[in-house]
Amino acid sequence: MQRESIYKQYQPENKPNHEKGVKAYWFVFNSNKMLINAEDGQIPFLENLKELNITPERKIYLGTIRGHPCYCAEVEKPIVHEKMDFYDLRSLYSVLGEDIYLLAGRAVQIINWDKNHQFCGKCGTSTETIDGEMAKICPECGFISHTRISPAVITAIIKNGKILMAKHNYGSYRRYGLIAGFVEAGETLEEAVKRETAEEVGLNVNNIKYFGSQPWPFPNSLMVGFTAEYKSGEIIVDGKEIADAKWFDVSELPDMPSKISIASELIDWYIENYSK
Ligand SMILES: [Zn+2]
C-alpha cells in the first residue's frame, strides 16, 4: 500500500496570516484523545471553538490543509456535546481520511510538546516559543527545545523463505509481531537493528536494507522499517520481555498487524516476495 504524504494537502506554517472570521480545521485533544463528530467522522470545521463552548488550555497554529487554516488545541475537561466526542487516535485511522489522520499525528505531538516544555529542562524558568519556529527558548539560560522524536527500528528478518516473528509478554500487543525497538544514543539505525535482534531473540542478521519510514505518534516515535537476512545463531528468548519467537512460512502467518502500521507493509512485502 502506498501511503499518502502529509504534505499532499497540508502546508506547514508557524504564523497565521488568514483573515478573521475564516473557518478553520480544529484538532482538539483531551488526554491524547481527539474530538470528532461521531456521526460523520469529521473534525470540527469552525471559525472559533467557542461555537462548541470550548475554551482550550492551549492552541497552536499548524498551517493550512486543503487551503483552510488549521489549529491544534487541548482541553483539560472533555466537553459534553450531543454529537462530538473524544476518541483514541489509533481507533480513528479507518474513520478519518488519511491526510487528516496524518496531520492529527503531527498535531497531537505538537500539543504534547507545548504542554511538556512550559519550563526549561535545564534551569526551570518558564520558556517562550521562538517567533515563527517550532521551538521553545529559555529566556534565562538560552536552552532551546525542539519537538522531540524518538526513532525506533522494525525489521522483517528472513531465513530460507520464512519470516521471524516474536510475541511480547507485556503491554496490549501480545500477538506475534516483527522485531522492533528504540534506537539508542550513539548507534546507527543498522546497529540498532542488529542489537535489538540479538537482545530479543539471540540471532545475528546481515544484508540490512532500508524499507521505509512512518511517523508513529504514540507518543512521539518515528518507525524506520528494514529488511534483513538471518546470519547465525539459534532463537533464544528471555521469557520475560519476549514470550516466544518463531519462523513463519507465508502459508502459516499469524494474525496480520493493523493496516495503520508499517509492520503490515513489511509483511505485505514478505508475502509478495516469498509466496510460492
Ligand atoms: Zn533555562
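Student: How many bridges pair E8 and strand E9?
Tutor: E8 and strand E9 (residues 135-137) pair over 2 bridges, in the antiparallel sense. Two strands count as paired if DSSP finds at least two bridges between them. The strands (E, at least two residues) and helices (H or I, at least four) are DSSP runs, numbered from the N terminus.

Student: Before I go on, what kind of model is this, and how are residues numbered?
Tutor: This is a predicted model, in which local features need pLDDT of at least 70 and side-chain atom pairs count only at pLDDT 80 or more, while totals for chains, interfaces and linings use all residues. Residues are numbered from 1 along each chain as its sequence is written.

Student: Okay, back to E9. Which residue of E9 stands opposite Thr129?
Tutor: That is Lys136.

Student: And what is the order of the strands in that sheet?
Tutor: The order is E8-E9-E10, an open sheet of 3 strands with antiparallel pairing. Strand E8 (128-129) and strand E10 (144-146) are at the edges with a single partner strand each, so one side of each has no neighbour in the sheet.

Student: Now E11. Which sense does its pairing with E16 have, parallel or antiparallel?
Tutor: Parallel: strand E11 (residues 150-159) and strand E16 (residues 221-232) share 9 bridges. Within this pair, Pro151 is opposite Leu222.

Student: How many bridges join E11 to E14?
Tutor: There are 4 bridges between E11 and strand E14 (residues 179-182), and these two run antiparallel. Thr155 has Ile179 of E14 as its bridge partner.

Student: And what about E11 with E12?
Tutor: E11 pairs with strand E12 (residues 162-168) in the antiparallel sense, over 2 bridges. Here Ile158 stands opposite Ile163. The two strands make a hairpin with 2 residues between them, where Asn160 takes a positive phi near 50°.

Student: Is Asn160 buried or exposed?
Tutor: Asn160 is exposed, because 9 other C-beta atoms lie within 10 Å. The cut-offs, with C-beta atoms placed from the backbone, are 20 or more other C-beta atoms within 10 Å for buried, 12 or fewer for exposed, and anything in between for partly exposed.

Student: What is the phi of Arg66, and where does Arg66 lie?
Tutor: Arg66 has a phi near 55°, which is positive in a residue other than glycine. It lies in the loop between strand E5 (58-65) and strand E6 (68-74). Arg66 counts as partly exposed because it has 13 C-beta neighbours inside 10 Å.

Student: Switching topic: which residues does the cis peptide bond join?
Tutor: Phe218 and Pro219, with omega at about 5°. Pro219 sits in the loop between strand E15 (204-216) and E16.

Student: What about the inside? How many residues does the largest nonpolar core have?
Tutor: The largest nonpolar core has 29 residues, and Trp26, Phe27, Val28, Leu103 and Ala104 have the most contacts inside it. Such a core is a set of buried Ala, Val, Leu, Ile, Met, Phe, Trp, Tyr and Cys residues joined through C-beta atoms within 7 Å. Two or more residues each come from strand E2 (24-30), strand E3 (33-37), E5, E6 and helix H1 (98-116). H1 gives the most, with 8 residues.

Student: Which residues is Phe27 in contact with, leaving aside its neighbours within four places in sequence?
Tutor: They are Met34, Ile43, Cys70, Cys72, Leu103, Ala104 and Ala107. Contact means that the C-beta atoms of two residues, placed from the backbone, lie within 7 Å. There is also a second, separate core of 28 residues, which includes Ile154, Ile179, Ala180 and Ala263.

Student: Last topic: what are the domains?
Tutor: The domain assignment gives domain 1 (10-116), domain 2 (119-147) and domain 3 (150-274). Such bounds come from an automatic or database domain assignment. The C-alpha centres of domain 1 and domain 2 are 24 Å apart. Their contact takes 5 residues from domain 1 and 4 residues from domain 2.

Student: And how many helices and strands does the chain have?
Tutor: The chain comes to 3 helices and 17 strands. Of its 276 residues, 28% count as buried.
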